[in-house]
Amino acid sequence: MKKLFTDNRTAGILRMLGTKSGLTVAVMAEQLGVSERTVRNDIRQLNEDLEGSATIEGVQGRYSLRIFDPAAYKKTFEKICDTNGLFDTPRGRQNYVFGELMRADEPLLTDELAYEMNVGRTTLVSDLKKLREELDAWNLKIVGKTSKGMILHGNELDIRTYVLENCFEALYSDYPLDDDIRGMIREEMDKKAFEKQVVIQFQRYLLLMMDRFLTGHYIGKLTDAYYNLTANGEFFRVNELLDRIGGYLHVDFPVEEKIFAFLPFAGMRTPADLGSVKEMELDETIQPLSEKIMEQIRSELDISINPRDFANEFAYHLMFMLNRLRFKIRQPNAMLEELKTKFPLAYEMSGIAARVIEREKGLKVTEDERGHLASYFGVFLVENNLGQQRPFRITVICGTGRVTSRLISVQLRKIMDSQVQIRTMSDAAATPGELDNCDVILTTVELPFTPKKPVIRIREIFDEKELKHKLEKVRYWDQVEMPILDDNQYIMSSLLDEDRVFFFEKGRSYIDALNEMIEILTDEGQIDEGFGERLFEREEKGTMVFDNGVAIPHGIQTVNDKMLLAVGIFEEPTEHKGHPVRVIFFMALPEQSDADDMLMIRVYDELLEISRDTDMLKAIAGTQTWPELLRVLYKKA
């Protein structure tokens, strides 16, 4: 295999075509000192790397560069041309050193490496120290002394995993697959609707496997879990493809090398069309694992999830995810931070699922994988809610004519989903009977009677964002007492009143505080006599303390069909089971909770959002009166 950093051939092709069009492959090959076939392969790879910003087109054997997005092309061109710059960064130097070490058949001297990279010996020694520390996590070691030569020690599978995770692009970006091999892959992949990313990842694994195998670095014996993959329905297809490629290269790939190349399929993301993976039979342990996850969520959060149409897809997701964890296949999640922020309850559910998987399978769920799980739970929550909801019905009353009512409807359509039903009528036609069959009344005029449904006064041209928040609160009108429909985004604040807020003096323990809240709420008839006992039984099984000193003890109450929320605030943090507690959000949920599922999910999301907001928590913890707390809990966009 060639050196990692040689003359940048692909950059040379772009430079030539950038100054002169209509060049033949023969001319470019002669100037670059390579074969015509190599240039054709480079052009094919360049067209992929340019990602639509430009393309190299050939007409009657003459090639020209066509640029469609100059700004994007400039960035890509600079990236392709940036070779020497890599030696200017520690990461670039470490990648180069690792590439040399993994290909070396004998110890490498530091002075020789420093000379090749044109850097000082001290700089390289510093880079080696950082590289050694990083390699420890991959069970790899650089053995030997810098003055006498170094060599890389470690399992071949760990070496390959490290490359894929850390430096594949740096080591292999200049080595596109042979044109004929790419053709074989494309022919085979076209038979199934595999997603593009799976095919790209397979090509990466295949290229790495072929390079290592053909240069004498065999993967060797694997654990039984790897050999079990040969029973997978898709392995037969990959096996045949690799036999064809082996025949083309005049080599026989051992089953271990084929298994390695198959890993992207074993750990793929669940495709939108499950038909493309129907040959992959679900592991018999997957369905019981899924049920245990749902049961644990129900036990810890009192939320029942019915995956419905997603049950089969979720099962496949679990199977592929377990393979990724088992075989160290990373599936990055670019939306991880956004998921944490926008779907806090779904992310909390993913944490519960992760604990079940670790307990049942002995596999540690990564943050990326937890994010993928949160995506599914977010869908489950929305689907469950949509399944319970009838269309939201809005009646618009306007006293200034049909055109004005239509103008209001147009504005509403901008902020409401397509399922919302909007009816307009004049103030003369508005009667109590006519208004009973809606969820909310929007009116530009004062009504001469008091409707049974919530009323929001609006102007012909209104603040869309403010109205949207008020309409969100209307959805919970039957479950929460809201004397005023303000634009406070927190629904939870409407569940509170002065009698449900407790302030605890310095020195009070978490258990004492909880007992006081339970005793008072029981005496007032807001929770049943057995609630406290059930709550503490749950506390024995696991703490209900969340991030940043927030506790959310919760349980089922049998007194009524309404959700109860109370807040306890400590003057100074107290400790419970090794965790600090500053704020208690106490929840008592109705035994029959179907009607309250939307409200419960919304409140959970708000509480978990607050538990991750250190500034908000600090403000809550600093309150000493009910009005002060209300002011803190008033949130506007």
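**Close-up views of a predicted model**

**View 1. The surroundings of Ser64.** Leaving aside its neighbours within four places in sequence, Ser64 is in contact with Leu17, Ser21, Gly22, Thr55, Ile56 and Glu57, where contact means heavy atoms within 4.5 Å. The model is predicted, so that local features need pLDDT of at least 70 and side-chain atom pairs count only at pLDDT 80 or more, while totals for chains, interfaces and linings use all residues. Residues are numbered from 1 along each chain as its sequence is written, and side-chain values use heavy atoms, with hydrogens and water left out. Ser64 belongs to strand E3; helices (H or I, at least four residues) and strands (E, at least two) are DSSP runs, numbered from the N terminus. With a relative accessibility of 9%, Ser64 counts as buried, a word that stands for under 20% relative accessible area, whereas exposed stands for over 50% and partly exposed for values in between (1.4 Å probe, protein chains only). A polar atom of the Ser64 side chain lies 3.1 Å from the backbone nitrogen of Gly22.

**View 2. The sheet that contains E3.** Three strands, in the order E1-E3-E2, form an open sheet whose pairing is antiparallel; two strands pair if DSSP finds at least two bridges between them. Strand E1 (23-24) and E2 stand at the edges, each with a single partner strand, so one side of each is left without a neighbour in the sheet. Strand E2 (residues 54-59) and strand E3 (residues 62-67) pair in the antiparallel sense over six bridges. To follow this pairing, look for Ala54, whose bridge partner in E3 is Ile67, and then for Val59, which stands opposite Arg62 in E3. E2 and E3 form a hairpin with two residues between them, and Gln60 in the turn has a positive phi of about 55°.

**View 3. Arg93 and the residues around it in space.** Arg93 lies in helix H5 (residues 90-103), and its relative accessibility of 9% places Arg93 among the buried residues. The side chain of Arg93 makes a polar contact with the side chain of Asp127, at 2.4 Å; a polar contact is a pair of N or O atoms within 3.5 Å, and within protein one must be able to donate a hydrogen and the other to accept it, while residues adjacent in sequence count only if both atoms are side-chain atoms. Arg93 and Leu128 are 35 residues apart in sequence, yet 9.1 Å apart in space, C-alpha to C-alpha.

View 4. In helix H6 (residues 110-117), the buried residues are Thr110, Leu113, Ala114 and Met117. An α-helix has 3.6 residues a turn, so residues three or four places apart point the same way. What covers the buried residues of H6 includes H5, H7 and strand E5 (149-153).

**View 5. Residues with a positive phi.** Most residues other than glycine have a negative phi. Asn118, which follows H6, has a positive phi near 60°. Asn139, in the loop between helix H7 (121-136) and strand E4 (141-145), also has a positive phi, near 60°, and with 52% relative accessibility Asn139 counts as exposed. Lys577 has a positive phi near 50° and sits in the loop between strand E13 (564-576) and strand E14 (579-590); Lys577 is partly exposed, with a relative accessible area of 44%.

**View 6. Nonpolar cores.** The largest nonpolar core has 133 residues, and those with the most contacts inside it include Phe98, Ile185 and Phe377; such a core is a set of buried Ala, Val, Leu, Ile, Met, Phe, Trp, Tyr and Cys residues joined through side-chain atoms within 4.5 Å. The largest share of this core, 10 residues, comes from helix H10 (residues 196-214). Apart from this core lies another, of 21 residues, among them Phe502, Leu535, Met544 and Ala551.

View 7. A search of the whole structure finds zero disulfides, a disulfide being a pair of cysteine sulfur atoms within 2.5 Å. The sulfur of Cys398 is 16 Å from the closest cysteine sulfur, in Cys438, which is too far for a bond. Cys398 is buried at 4% relative accessibility, and Cys438 is buried at 1%.
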